Amino acid sequence: MRVRFVQAVLLMAALGALPAACRGPDPVVIATTGDYHPFNVVNEDGEIDGLERELGDELCRRADLECEWILSEWETMIPDLVAEEFDVILAGMSITAEREERIDFTEAYYPPTPSVYVAMAGAGDAAAEGTIGLAENTIYSDYFAELGRPFVPLDISMDAVDAVLSGEVDAVLVDHGYGVEKLAEHEGQLAIVGPSVLLDRGLGMGVRTGSDLKAKLDEALASMKADGTLNAIIVKWVGAGASTFE
């Protein structure tokens with residue numbers, strides 16, 4: 001009986017080891033924030049949703065990657081990526097030279113488009129010279145810091161236009177896609193005012209420097225641009241006024 005028991009244990013151990021030996025590479029873990037509609041949001045079912053979720057799932061399908069999604073804090077996303085807490089940042093992150101010193105970016109999945117000031121309808125261009133609200137630790141706060149211009153810091157997790165609607169600030173500086181979507185959501189209440197400002201080279205996916213994921217994702221992204229799928233996703237989530245790829 002003891003021999004049979006030992007044999008059974010050895011057999012079970014061997015069988016248990018087979019899946020580990022035979023399984024493929026670990027899933028690609030994609031991180032987003034879940035609080036930047038329409039790009040990423042947590043829906044009523046508690047699931048990650050939005051433009052970037054639909055985009056990421058299609059990219060993984062085309063690149064034949066098994067992918068998982070997690071929520072992460074914006075402020076620590078780049079350090080956490082470098083520390084291998086996850087593999088891809090897909091969270092409305094602008095491609096900038098400063099960030100490229102720390103990580104690699106894929107090609108843009110949302111075109112380079114000037115950022116815009118959003119104010120109350122009827123406020124006029126003067127609102128862009130008034131009290132401005134900016135999300136902290138973003139290209140917008142960096143831009144105002146370089147100008148030496150004061151601003152009202154906004155929590156990155158809050159809806160920036162709420163500060164305009166509440167009267168806390170005269171205007172907010174935001175990316176074009178977000179601005180267009182919010183104008184449609186609050187029809188007749190908000191307007192784009194003042195000068196537009198080009199601050200980046202579009203939105204891209206962040207990966208660790210030298211990661212082979214960049215080439216795989218770029219190839220899948222190119223195919224989505226070529227067949228019109230990416231433009232369709234952008235218009236679906238941002239609206240008819242969205243910037244698209246020619």
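**View 1. Residue E84 in the loop between α3 and β6 of a predicted model.** E84 is found in the loop that links α3 (77-82) and β6 (88-89), where helices (H or I, at least four residues) and strands (E, at least two) are DSSP runs numbered from the N terminus. Although E84 is not a glycine, its phi is positive, at about 65°. This is a predicted model, in which local features need pLDDT of at least 70 and side-chain atom pairs count only at pLDDT 80 or more, while totals for chains, interfaces and linings use all residues. Residues are numbered from 1 along each chain as its sequence is written, and side-chain values use heavy atoms, with hydrogens and water left out.

**View 2. Residue N137 in the loop between β9 and α5.** N137 is found in the loop between β9 and α5 (139-147), and this residue, which is not a glycine, has a positive phi of about 60°. With a relative accessible area of 48%, N137 is partly exposed.

**View 3. Strand β9 and its two partners.** In a regular strand the side chains alternate between the two faces of the sheet. Strand β9 (residues 132-135) is covered on both faces, with I132 and L134 buried on one side and G133 and A135 buried on the other. Strand β9 pairs in the parallel sense with strand β11 (residues 171-174) over two bridges, two strands being paired if DSSP finds at least two bridges between them; here I132 stands opposite A171 in β11. Strand β9 also pairs in the parallel sense with strand β10 (residues 152-154), over three bridges, and G133 stands opposite V152 in β10.

**View 4. The open sheet with the order β5-β1-β6-β13-β7****.** Five strands form this open sheet, and their pairing is mixed. Its edge strands are β5 (67-71) and β7 (104-105), each of which pairs on one side only. Strand β7 is joined by two bridges to strand β13 (residues 206-207), and the two run antiparallel; the bridge partner of D104 in β13 is V207.

**View 5. Helix α2 with the sheet and with helix α9.** Helix α2 lies across β1 (28-32) and β5, running at about 155° to β5. The axes of helix α2 (residues 51-62) and helix α9 (residues 229-238) come within 9 Å and cross at roughly 160°, where axes are lines fitted to C-alpha atoms, for helices over the stretch in contact, and angles run from 0 to 180 degrees between N-to-C directions. The two helices α2 and α9 are therefore roughly antiparallel to each other, a term for angles over 145 degrees, whereas those under 35 count as roughly parallel, 65 to 115 as roughly perpendicular and the rest as oblique. The contact, meaning heavy atoms within 4.5 Å, is made by L51, E54, L55 and R62 of α2 and by residues of α9 including L230, I233 and W237.

**View 6. Residue H176 in helix α7.** H176 lies in helix α7 (residues 176-185) and, at 16% relative accessibility, counts as buried. Leaving aside neighbours within four places in sequence, H176 is in contact with Y110, T113, P114, S115, V116, G241, A242 and S243.

Notes: Buried < 20%, exposed > 50% of the residue type's maximum accessible area, 1.4 Å probe, protein only.
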